[in-house]
Amino acid sequence: MFYRTAGQFKTSYEADHALFPVRQDAYLLAFILLLAFVVFPLTASEFAFRALLIPVLIYSLAALGLNILTGYAGQLSLGTGAFMGVGAYACYKLLTVFPEMNIVIAIAMSGFFSAAVGVLFGLPSLRIKGFYLAIATLAAQFFLVWLFQKWAWLYNYNASGAIQVPNIEMFGITVAGPRAEAITQYYFVLCFVCAMTFFAINITRGRIGRMWKAVRDMDIAAELVGINLMRAKLTAFFVSSYIVGVSGALFVFLWRGAAEANLFDIPLSFRVLFIAIIGGLGSILGNYLGAILIVALPVIIGSVPEAFGIPIGSATVEHLNVMLVGALIITFLIVEPHGLARFWAMIREKLILWPFPH
Amino acid sequence: MKHWIRKAAVSTALVATVMLTGPASAQGDGIYVPNLSYRTGPFASTGTPLMNGQRDYITMLNERDGGLNGTKLVYDECETGYNTEKGVECYEKTKANAVVTQPWSTGITLQVLPKSNVDNIPILAPGYGFSAMADGKVFQWAYNPPSSYWDGAYMILQDISGGDLSTLNGKKIAFLHLDHPFGKEPLPLLEKLSAEHGFELVPIPVGLTEMQNQSAQWLQIRRERPDNVIMWGWGAMNAGAMTEAAKTKYPMDQFYGVWWSGHDGDLKLIGDQGKGYRSISWSVPNSESALMQDIKKHVIDAGKSQINQGEDEFDSVFYQRGVMISLILVEGIRAAQEEFDTQNPNAEQVRWGLENIKLDEARLAELGAEGMLVPFSTSCADHTGHGGGWILEWDGSKFVKASDLLKADRDVIRPLEEEKAKEYAEANSPWPVNEECSM
Amino acid sequence: MDILKGIFVDPFADMIAAPDFLLQVLWEGLVGGVLYALIALGFVLIFKSSRIFNFAQGIMVVFAALTLVGLHEKGVPALLALPLTLGVMFMLAVAIERAVLRPLVNQPDIILFMATIGITLFLIGLGEIIFGGENKVMITEQLGIPTGSFTLEPFGGFVSIEQKDLTAVIGAVLLVGVLLLFLNKSKIGRAIRALGDDHQAALSVGISLSTIWVIVWFIAGVIALATGIVWGARAGVSFALEVIAYKALPVLMLGGLESVMGAIIGGLAIGILEKLFEIYWGQPLLGGNTEMWFAYVLALIVLLFRPQGLFGERIIERV
């Protein structure tokens, strides 16, 4: 009933290659965008912005970057946190060295720094594969976090070693810093995430995306067919780290407001990896679904017992949260290793048939 | 299959409902005082007794007196695990009805500091935070009584040098610190004093992942052979340092620690081998005082405490310091109640209250806490109070007071406070400065 | 010029100038290396027999140590607590095998890896609820491990050797010796190695997959307990110990994921080199704290030349 595919013929190759061959998918996307741009800003509280909406967007962007590297190109990376850090520190330095620079340009440019570092640490992928590569990316993770702590120039020799976001204005509205309104920051992040997602969808559906998938599935065969492995892997690292770097800059400037070096440590890398995996490796939608789950979970665990009046110590909430995330990961991997995106795909299949049985 | 679809639908519904709810804060009637505590993680060992102390003082007031002048105080905790990210989340979650916020980590304090102006909630950071918060002109919403880290560093140097800092000329002092805003906080003052008085400062950072395995740092200390080691440690770092110091046989009487590095639990690990270790402290435990006996009667024996009875936590420095911290907070709230003639002061009024605390010896005696806390008073310009501190020395089984009241030299520290405060205000402009006060 | 001198000349001059200090550094590095090797052994054993990269080994170390100390706190005498802890680790192994591994039998490696990370998180949360978060003291004396230290005095200086470190080294050597004997000479050991070579073939010869897996996980649990005791004796038992698993990973990279010898040699090499680098190059030139990443960068460089690690099996890919 919802997904009436009957009557939707394609009469040209272009139409067949469209992003939403079934019109209802396009309607669904329009509905979601309407929710995001109009409904949520009108109804959500400041807490909902800062604790749910903005982090979901930022984490899904970071997971998008990781998914391109791990899901589409098959190069497992555990260093996402450090690359986010590179983006954040690059943005900070750009804005302190050029205070008049527009923040949008600063964030866009900081992605390039992260991409460069990503390519550098991606070079071992030409020789190393699988788990070994994952552990090699940990080298990037640990080294970069150490660098963030030791290289005082990065945080302007601040005594505390932390970077703080000053009040930044754009067209007269404060978009970053302690005076920024949550709703402004939400729109800013939303626009960025939409732009990056559009870019990611196009690149993964195109020639380069197919190149990556070939490398992921069987890289020796891909090489035999004529795909330049070096180019494929390094472009994957470049694009992925660019997106991750931008998400890191957004993370600090448009959400946290300040950062210290160990914010970008392993737990952050793992969190983004969980989002990518639970959401579904090799999908774009999955990142959003995974982020919603992972971000909302602690909030739910914290609120539900209190809503029912059961007193629960905050430390116990923390422990339960950790346990639940672990159990969820295991459950998801057992039940649906392809993640929430596959869940959605199955629901959609059922909806196409519904209410008919077959 | 249907089972899973149903599950997915339910979870989406749950998420949707949560989206439109606000922060769930435990609210009864009364004055809401949240605490950004940590009972988990590598810093839990040092955090838990302090938070127990804070909690028990407030419980005692509610039990014994029915609250503060009749109004109950609602104590609530939000678990941060000493993680700056979680700390900021906890701050956002609890700020709605709170009259104060207690960040319990210099890292979290620094991140919450710029928000305090916008959200209008006073930050109470007793004995931690940014030392320049003493400048009440710039930091109208931040308080760090009774002594700041710069005071503490100065007082340790005073004790090392026997009162005259110029005798430190030519000495080598190693500064073993946690590689975290907390550990790095006293560096500006230490560097300044090192340049002025001619001693060599060797900063030795300990990363968060190396707290349990400090052999590299202590090998470095062995190589450098400093005259003294000043430790700015917290959590598992203290225990790690103690065991390594005992192992490399570093003379304990040359080993000093800040007030957060003087924890009974850590020293008990090495017991007699730690004899002679000293820690500067602005609180002294006294289990026989009227206040502590009241807490014992109304809270601990009544089973309302989370204290760990088996480990003698009641007598420990940190537990009783936690009690003192709540005492300071309640004094501030009381001052607000009296000044504004209201039973339920709001955050603005409590801010004023914290600015007008007068905890002199007479008042401490009234509260039953004679000699347990350095006397101090805050003012519009001075948000620290600079009460000074005492040296506590480990005698093998407990800490005992080993000096008279030390006070840091205001003339040396004040210019640095003003300078750093000004820098901070400029870096975070527009920053409201209260010109009516002056240091 | 100064930098070059600092890299190539000064450190060696320092080493020669204070040879007793050098010996102390080497000893510390050796002890650290032994501990890394022990953890890596747990990984290798499980990977060898089931091709699962068990990230949960780190938390198993902590869990084993905490159970031991927890039982002792409840009043169980130390010598009884040891076998009881082994029993708990055994049940844990069975539970993990049944609940997590069996359903995931044919999945790609990364899925299994993520599952073990999930196990890690679950056990961290559970452990903190059961045992609490504070630092605990390892029951070294009750276990009969000598504490105290003795001092050697070579070259006019001094080298202080903790007796518990010495016990740890000797114990580790014995453990590894027994393990190697077991793997090479006993029937079950052969079965484990057979499973590592080829699952299908082992199954067809009649080797029971789940029994062997449970045995392997149990042995990994024993190793975890030994590591937990030794490491806990050095620095107290708490959840901060879990980050030690991150130190074992470069050992695995260096030694290869399937080789017991590789784990040992890799562990010792990394332990010693890391300490040397930190003391003689890291602290003077780079501001210290290089132990965080040195092992990883070293392993990475070795991998660039030998992608399977020093002792790993050559990776042969077929299309």
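Start by selecting chains A and B: 41 residues of chain B are in contact with 40 residues of chain A, where contact means C-beta atoms, placed from the backbone, within 7 Å. Bear in mind that this is a predicted model, in which local features need pLDDT of at least 70, side-chain atom pairs count only at pLDDT 80 or more, and totals for chains, interfaces and linings use all residues. Residues are numbered from 1 along each chain as its sequence is written, while chains are lettered from A and ligands numbered from 1 in the order in which they are written.

Now colour the chain B side of that contact by element. Those giving two or more residues are α1 (2-19), β2 (73-79), α3 (84-94), α4 (106-119), α6 (181-184) and α7 (187-197) of chain B; helices (H or I, at least four residues) and strands (E, at least two) are DSSP runs, numbered from the N terminus. By class, this side has 22 nonpolar, nine polar and ten charged residues. Nonpolar covers Ala, Val, Leu, Ile, Met, Phe, Trp, Tyr, Cys and Pro, charged covers Asp, Glu, Lys and Arg, and the others, Gly among them, are polar.

Stay in chain B and pick B:Leu124, in strand β3 (residues 123-124). Buried or exposed? B:Leu124 is buried, because 28 other C-beta atoms lie within 10 Å; the cut-offs are 20 or more for buried, 12 or fewer for exposed, and partly exposed in between. Leaving aside neighbours within four places in sequence, B:Leu124 touches B:Val100, B:Gln102, B:Tyr143, B:Leu329 and B:Leu354.

Next, over to chain A for a helix pair. Helix α4 (residues 80-97) and helix α11 (residues 266-279) of chain A pack at about 110°, with axes 7 Å apart. Axes are lines fitted to C-alpha atoms, for helices over the stretch in contact, and angles run from 0 to 180 degrees between N-to-C directions. So α4(A) is roughly perpendicular to α11(A), a label for 65 to 115 degrees. Show A:Thr80, A:Gly81 and A:Met84 from α4(A), then A:Ile266, A:Leu268, A:Ser269, A:Val272 and A:Leu273 from α11(A), to see the contact. Its residues are five nonpolar, three polar and no charged.

Last stop: C:Ala40. Not counting residues up to four places away in sequence, C:Ala40 touches C:Ala248, C:Val251, C:Leu252, C:Gly255, C:Ala263, C:Gly266 and C:Gly267.

How values were computed
Contact = placed C-beta atoms within 7 Å. Parallel < 35°, antiparallel > 145°, perpendicular 65-115°, else oblique.
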